[in-house]
Amino acid sequence: MATAAQAAATFLSFLSSSHHHTAPSSSISFVATPILPASLRTAAAGAPTLTSRCRGRRIAAAVAQLPTKNPELASGEKKIRWSSRAVRSFAMAELEARKMRYPTTGTEGLLMGILVEGTSGAAKLMRANGITLLTVRDTAAEVLGKSEMFYFSPMHPPLTESAQKALDQAVNEKLKTGEDGEVTANHLFLAIWSDKESAGHKVLASLGFDDQKASLLAKTADDEAAMGPR
């Protein structure tokens, strides 16, 4: 019994004394400077920062607040809005950019977003021509380079200049019809294709897409609303 009592006393003494010891500070730092391919560093440096005034609201509200350079849209002369498919495609584009560990959401990300959403005419046309999410991912990595494994993208990677241009061009295409209505994922896809210098265009061209195939979609770009559940 004496031995057990002594052991218990020793243990309690150890607990009380260890309570006053200070844990050694760690010298390991987890903050590292991200190493990105030159094409991605350039995109990150030149990308405008998008600040939403509707952070607590639905994705649709955030997309409606995307900056545009279209004076017609700003003046409110036309009742133009983004379709739900375009909204979902944009949200998925940001997610795909983060999966790729890219610092920005580019036109290649917008293509991936359209494919992930999957129900628009643009998505169906890409799949019909053998263009899938995996092939776009792989080709984007070839065009832009792979990001550093330990680089973490921001929660909402800002748009590149080309991606912003695609959004604006999609709105312009709708405005050219002279009708109120929705800017669809089809308009967005065609806007990406129209910019030959964009990463999205280069990815599509590398995968065998061409103007003839794009013209098929252009004829029905406004028909998204009639394509089943939205």
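A residue is called buried here when its relative accessible area is under 20%, exposed when that area is over 50%, and partly exposed in between, using a 1.4 Å probe and protein chains only. The structure is a predicted model, in which local features need pLDDT of at least 70 and side-chain atom pairs count only at pLDDT 80 or more, while totals for chains, interfaces and linings use all residues. Residues are numbered from 1 along each chain as its sequence is written, and side-chain values use heavy atoms, with hydrogens and water left out.

The chain holds twelve helices and two strands, taken as DSSP runs (H or I of at least four residues for helices, E of at least two for strands) and numbered from the N terminus. Of its 230 residues, 40% are buried. Among contacts (heavy atoms within 4.5 Å) with a separation of 6 or more, 77% join residues 24 or more positions apart.

Now to the aromatic rings. Rings of Phe, Tyr and Trp (its six-membered ring) pair if their centres lie within 6.5 Å, with planes under 30 degrees apart counted as stacked, over 60 as edge-to-face and the rest as tilted. Two such pairs occur in the structure.
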